[in-house]
Structure formats: structure tokens, C-alpha cells
Amino acid sequence: MKRILSLFIALAVFVVLNFTATAEALTVEDKIDYLISQGFPEDFLENNEVSAIDDIYNTFYGKDFQFLGTETVDMSESYSLFGASPLDTIPESAMRLKISSVQTIEYENGKGVIQEVVLYVQYEWFGGKPTICMKDGISVNWESGLFAFKQDSFRSIDYKKFLYGFDYKTSDWIESDSQVNPTELNQGGLGYIAYLNRGNPPANPKGLVGAKGWARMSLLPRYKIYNKDSKTTVINAEYVHNKSPFAAVGFSWNGAGVTVNLSSWAKDSVAKAVNIKYST
């Protein structure tokens, strides 16, 4: 009996160790291939860093899900502190904001029940922008009577690119900041900071030439809803850029939602929304 028990334990340990080794052997390309095969579009994944790909893979591996789409909007940086541009000058796009949604589904009697809606908010500054690198604010709001924030589902990471000395070589994207809690949370919205003013290391002689970031959060239906398209709810994201060295971003509650507080003369902002279809 002891011999049989010892053999059983040895076999169990062997299986666990081999499973762990197999999981660790997966490359980023393997994870991307899996996500694409399950319905993630390639253009959503291609601009993400390794940490983001790992997070997406771990979130959706082995689950039934539907990628619902991505909405994109560009923002121009005002040339002056008060938002006016020189005459005959058309402001160029300086930052791109994306909001994407994915829903996980379980089936009951042939009907798809929405289990949660996972949101991804991504931003990227390009063209040597922004001129002022402070703390920017991002808010995400949803219908509070339909969805509730899933505890511990928030994560955000900011990345930077730096210029090295006089040879004008740029670094790869470097993870500079990460957060596991939003700055503000209400029944129907949250707010968090995009850190443009910190590098890795925080104080260094390198010039900042690129900044981007992503955030993930999940919403849980407050009651049973189905994967149908008879009703529509809207989830929106707003990016507020602080272009003044004399102002600071804050957050406040707006009903059940969250808004970014910053004086109009000190900000550039842009917003985008995604629609979620469902039925009851």
C-alpha cells in the first residue's frame, strides 16, 4: 500500500512539473498565435509589449469570449497654454486613444450569458509629443445600474522611450510605472493617472521621445444578461492632458461616474465610447 501511494505521489509531482514547464516554455509568439486563433485581431495585439500580452493571455486562456471591437480617436496638442494655435496652422495629431471591449460568455440551454466585460484603454504619444510631461488623467464610465466594477480587476502600465546622448539612438519601450488600483472609483466609473513625468530610472539625462500606456479593467453584470443585440449600453473613456506646469490633475464624482478635474485653459482632452449589445 505504501509503495502504491509513493508511486501515485511521484506521478502527481511529475505531471505538475511537466505542466509548469510547458506553460513556462510558451513564447510571446505562441501566446499571440493562440489569442488570434481564438478571435483577437492581430492589429490589437501588435502594438502591445510583453507584459500586456502576458496579461491578455492569462485573462482569456481557456475561456469562451468575444472580441467586440476597438474605437480610436486622435488628439492634437495645443500650441499655447491657452489652447490657441498660430494662424494658418493646422494642429497635427499628437496622441491616439483606443478603447477596446471583450466579453466572456457561458452557455445555458443554448443561450450565451455574459459573465463579464473586459475593457482595455490604450494611449500613445508620437511625433516628439507632448511638450509638457506631467500627470495626465484618464476616466472610464459605464451604466451603473447594469454593471459593477470587478474587484481587483484593474491594472495599468506606462512605458517610455528615451533618446541616448548625441548619437540619437532611442531605447526600446521601457516599463516606467504600473498601478493595480485606480485613483478614483465610483459605482459607475473610475479614474487613474497616466504618468508622463516619470522615467526609468526616475531621474536621468536621457530625453523622452515616446510615451504610451494601457489599462485593463472588468465589469460584472448586476443581473443576468444575454449575448443578444436588442439593447445597447455605452462605455466611454476620456483622456485629459495637462499642458500646464502650474496645474494638477484631480478626480471627482459626477453622479455615479468619475470625471477628470482640470481647468479648461490647462488641458487638451479627447473621448471615445464603445457600445455593448445585450438582452435581458
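This report covers confidence, salt bridges and surface charge in a predicted model.

Residues are numbered from 1 along each chain as its sequence is written, and side-chain values use heavy atoms, with hydrogens and water left out. Local features need pLDDT of at least 70 and side-chain atom pairs count only at pLDDT 80 or more, while totals for chains, interfaces and linings use all residues.

The chain has a mean pLDDT (the predictor's confidence in each residue, from 0 to 100) of 86, and 82% of its residues reach 70 or more.

Where pLDDT is low, the predicted coordinates should not be read in detail.

The whole structure holds 9 salt bridges, each a side-chain nitrogen of Lys or Arg within 4 Å of a carboxyl oxygen of Asp or Glu. One of them joins Lys 31 to Asp 54, at 2.9 Å from N to O. Lys 31 belongs to helix H2 and Asp 54 to helix H4 (residues 50-60), so this pair ties together parts 23 residues apart in sequence. Helices here are DSSP runs (H or I, at least four residues), numbered from the N terminus.

A surface patch of negative charge is formed by Glu 29, Asp 30, Asp 33, Glu 42, Asp 43 and Glu 46. Patch members have over 30% relative accessible area (Shrake-Rupley method, 1.4 Å probe) and no salt bridge, with like charges joined within 9 Å. Helix H2 (28-37) and helix H3 (42-45) each give two or more residues to the patch. H2 supplies the largest share, 3 residues, and Asp 43 is found in H3.

Notes: Patch = residues over 30% accessible without salt bridge, like charges linked within 9 Å, V, L, I, M, F, W, Y side chains within 5 Å. Lys, Arg positive; Asp, Glu negative; His and termini not counted. Charge placed at Lys NZ, Arg CZ, Asp CG, Glu CD.
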